[in-house]
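Dear colleague,

Please read the notes slowly, with the structure open beside them.

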Amino acid sequence: MTTPVLDFLPPGLAALGGARVPCRWQGLDWERVELTPARLGSIAAALARHGENAGTIPTARLVRTLDQVAMAWQRGGSPYRAAAERLLPATTGYAPGMVALALDQLFAPLGGHGLEELLRSEVGHVRSRPPRLMAVVAAGTVFPPAIVAATCALLLRAPVVIKSSSLEPVLAPLWAQSLAECDPELARLVSVFSWPRTATELTSTLLAAADTVVSFGSDTTIQALRATLPGGAHLVAHGHKVSAAILSARALAADPRGLAHRLARDIALYDQQGCLSPHTAFVVESEATPASAFAHLLSEELGALARRWPRGPLDRPFASTLRQALAARELAAEPPASVFFGGFEAGYAVILESAPGFEHSPLGRTVFVKPVADMEAAIAALAPVKERLQAVGLAVAHAERRALERGLGLLDDVETNLDWVPRIRLCPIGAMQRPRLTWAADGHRPLAALCPERG
Amino acid sequence: MSAAAERRRHDFPSARPTERREAAVLDDEIRAFIARSAHTWSAEPEALDRLLLQVFAHQMRWNPAYARFAGRRGADRIGKASEIPAVPARAFTRVRMATFPPVAAVRRFRSSGTTGGPRAVLELDAGQLALYDTALLPPFARFLLPDRRDLAWVSLLPDPADAPWSSLAAMIGSAAHQLGSNVEHCGLAAGGLDVARTRAVLEAHAARATPVLLLGTALALDRLVSALAAEGAALVLPPGSRVMETGGFKGQRRDVERPELMAAITSRLGVPAVAVIGEYGMTEMTSQFYDPSFRAAVLAPPVASHEATGHRDDHEPRCMVGPPWVRTRVVDPLTLAEVPPGEEGLLLHLDPAARSSTVALLTEDRGRMHAGGFELLGRMPGAEARGCSLALDELLQAAANDGNAAPGDAP
């Protein structure tokens with residue numbers, strides 16, 4: 001590979017971006033286009049024109065191309081995958097082994113089988129025309145959502161501009177390059193850029209050009225974006241969320257070590273920065289399966305992962321916050337009822353606490369383990385945070401899962417709403433960071449949400 | 001009684017004569033050390049090290065939570081005060097940091113909770129309250145009253161009797177009591193300031209030409225000068241007047257920008273900038289820190305005319321100094337290793353006067369060490385989200401910001 005680039009312009013539009021200039025970022029040498037609002041506007045207009053001509057691309061070809069791209073990313077020998085494995089640890093701080101696993105987990109559902117399943121699941125729900133131009137405004141270092149959103153745009157034959165996160169501008173350009181290698185014509189629908197949040201003119205230009213905006217970020221970011229969005233543009237917002245886990249006594253009795261191992265992975269992946277990362281694990285206790293024993297196992301597994309996938313470097317504000325939060329919990333622990341495992345230096349923490357209720361983690365691979373008497377108690381603990389709940393990892397029987405669905409009101413309008421989707425993702429422990437492509441994150445169907453009825 | 005409360009009761013039996021006796025002996029030693037070092041305004045490092053380790057040993061014996069915490073950090077191998085495991089200030093929001101049983105508590109100080117999180121609580125037994133009184137006076141007198149004591153004290157805080165949870169109100173009340181001064185309290189117990197009363201009190205002192213010691217938080221001072229500005233009013237406090245300003249500039253949105261406040265105090269109250277004396281203290285701490293430049297200016301008046309009018313050299317960092325029995329270290333938040341002078345880090349205070357809580361306190365305040373003290377850089381900003389997980393601090397920040405979107409947060 002030559003010098004890595006922080007953007008992607010499709011074949012034929014390179015001239016619109018102007019000359020590439022070298023830049024230094026995260027201690028590495030890069031190249032990027034010298035983007036101006038005028039250039040971005042021209043590129044967006046050209047992409048939209050490409051989109052007008054994309055309606056004739058057969059679905060089978062879309063699926064075949066995207067399948068080829070996904071397969072290439074999962075095979076050894078892909079220069080794009082190799083570059084991502086080399087660059088992402090440096091930019092995100094994630095351990096190399098974790099990056100490799102995360103890339104596998106990202107691209108596995110983007111293969112032909114997953115794409116076809118998604119298309120089938122959305123039949124009847126996509127009732128309007130696709131976006132004329134879609135913008136994906138990425139945030140943070142958790143890289144899968146932007147790639148998934150762009151893939152959905154392509155399935156709709158909609159042109160898409162990805163505004164990469166300034167914390168992680170690496171993967172999207174590499175993915176777009178791999179797409180261009182497989183199918184230059186389909187790649188004519190994609191552009192990728194990154195710019196700092198202070199470059200508000202570029203953001204405004206993009207928002208003015210797009211008729212659908214998929215945005216990731218904090219409530220504050222989403223609010224600011226909503227205020228900037230021109231009238232008529234459609235916003236699909238993915239705010240910050242939390243996740244939890246519930247383990248039944250029976251499941252724990254059957255395979256305590258395996259569950260601890262899988263839950264530890266769910267916690268450690270993306271250094272717990274994802275909305276699918278669990279904060280609190282509720283353990284339905286029995287005499288044979290005390291929560292304290294599970295907390296101990298979970299601590300061992302997180303400790304092993306901390307050695308295998310060391311937690312990424314912390315910036316000073318986060319280090320200070322995490323150190324304060326962990327030490328406060330450690331000092332408050334009163335064994336045996338509440339026990340603190342790990343710590344700041346250990347690279348993870350498990351906090352066994354008997355006080356009822358969901359606990360927000362200070363992150364940094366910190367998880368609360370809470371004993372509960374039964375499933376009802378776990379449901380009661382989650383009820384106050386259900387609006388902020390993204391996923392619940394489960395090791396429970398089918399009947400208990402149904403009780404949770406009812407308890408969180410997930411089935412309230414299942415019979416009356418033709419477009420019903422569960423607002424909270426329920427999945428097995430160990431699969432929390434591997435959502436299927438059909439997952440309606442935040443209640444948004446992956447394809448239908450991009451094609452609203454427009455006035 | 002809950003199981004946890006039962007255990008606490010066991011940990012702290014109501015009658016612990018050994019702990020009481022040990023604390024009394026230690027308090028005498030701490031008081032003697034404070035008296036000696038206040039007299040010369042210096043402390044022999046080895047002697048301070050010994051005292052700090054002695055207090056730490058006492059805390060290890062009588063605070064099981066701290067003993068566990070320090071035990072995990074090799075407490076039995078500690079040979080120097082700099083190795084004492086520091087308790088992060090946030091622990092005071094969650095755990096009772098005290099060596100004495102709850103029944104022995106005579107005072108509970110509570111933080112203001114301006115950062116949106118839970119409030120810190122510091123409990124004091126009678127001996128600790130006496131130590132608090134002992135430790136506050138020498139730096140208070142040294143840095144606020146280096147030249148004269150015939151000042152009219154006006155406090156923008158409530159009367160300590162009405163706000164027993166406020167360590168700042170207690171400090172002002174105690175200092176006044178010990179120095180035989182009367183204080184006119186203009187702060188409201190429910191929060192806020194009686195601006196009309198403050199103005200009337202200050203105008204009366206101005207009319208009598210009595211110099212004033214005005215004591216308040218940056219927020220209260222801002223409220224006062226803003227009210228005066230709104231009416232286009234300005235007072236001219238008599239020469240010799242001074243202002244103790246504290247608690248601002250913590251990196252929170254509602255905080256007051258200090259240069260603007262200084263300018264407003266000068267223009268609305270007639271007090272030169274050099275006579276606005278910064279104070280830095282914490283609910284979780286026993287001793288306090290002050291900006292020494294007023295004392296320096298008063299005792300050795302500079303010749304240059306611009307300095308005589310109180311203008312500060314913008315290139316000179318504003319430093320804080322503590323009393324000689326307090327040792328402040330600036331540490332790296334990642335490693336807790338001391339950073340070289342001039343480099344930014346977190347402030348970690350070692351204070352033997354905090355006999356009943358923690359002798360080593362890790363704050364969330366940023367600072368830089370200089371030859372003349374430490375430069376206070378404000379509260380460590382909240383960590384920026386690096387993913388889509390909702391972090392606890394984000395929730396707290398949202399609560400503190402009252403839901404106002406920040407214009408700078410656009411993507």
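**Where the two chains meet**

In this predicted model, 52 residues of chain B are in contact with 53 residues of chain A, where contact means heavy atoms within 4.5 Å. Between them, chain B and chain A bury about 4600 Å², and 57% of this is on carbon and sulfur atoms; buried area here is the accessible area (1.4 Å probe) that two parts lose on being put together, summed over both.

Before going further, a word on conventions: residues are numbered from 1 along each chain as its sequence is written, while chains are lettered from A and ligands numbered from 1 in the order in which they are written. Because the model is predicted, local features need pLDDT of at least 70 and side-chain atom pairs count only at pLDDT 80 or more, although totals for chains, interfaces and linings use all residues, and side-chain values use heavy atoms, with hydrogens and water left out.

The rule finds three salt bridges across the interface of chain B and chain A, a salt bridge being a side-chain nitrogen of Lys or Arg within 4 Å of a carboxyl oxygen of Asp or Glu. In a salt bridge between A:Glu330 and B:Arg72, the side chains meet at 3.2 Å, N to O.

The elements of chain B that give two or more residues to the side touching chain A are α1 (3-11), α4 (64-71), β1 (87-88), β12 (344-350), β13 (360-370) and α12 (392-400). These helices (H or I, at least four residues) and strands (E, at least two) are DSSP runs, numbered from the N terminus.

**Salt bridges within chain B**

Over all chains, the count by this rule comes to 46 salt bridges. One of the pairs is B:Arg90 with B:Glu364, whose closest N and O atoms are 2.9 Å apart. B:Arg90 lies in the loop between β1 and β2 (105-110) and B:Glu364 in strand β13 of chain B, so the pair ties together parts that are 274 residues apart in sequence. B:Arg90 is buried, with a relative accessible area of 17%, and B:Glu364 is buried at 14%; buried means under 20% relative accessible area, exposed over 50%, and partly exposed in between (1.4 Å probe, protein chains only).

The side chains of B:Arg366 and B:Glu344 also meet in a salt bridge, at 3.0 Å from N to O. B:Arg366 lies in strand β13 and B:Glu344 in strand β12 of chain B, so this pair ties together parts that are 22 residues apart in sequence. B:Arg366 is buried at 18%, whereas B:Glu344 is partly exposed at 26%.

**A buried glutamine**

B:Gln288 lies in the loop between β8 (276-280) and β9 (289-290) of chain B, and its relative accessibility of 4% counts as buried. The side chain of B:Gln288 reaches the backbone oxygen of B:Thr286 at 2.9 Å. Leaving aside neighbours within four places in sequence, B:Gln288 is in contact with residues including B:Tyr132, B:Met171 and B:Pro323.

Conventions: Polar contact = N/O pair within 3.5 Å; in protein donor to acceptor, adjacent residues only side chain to side chain.
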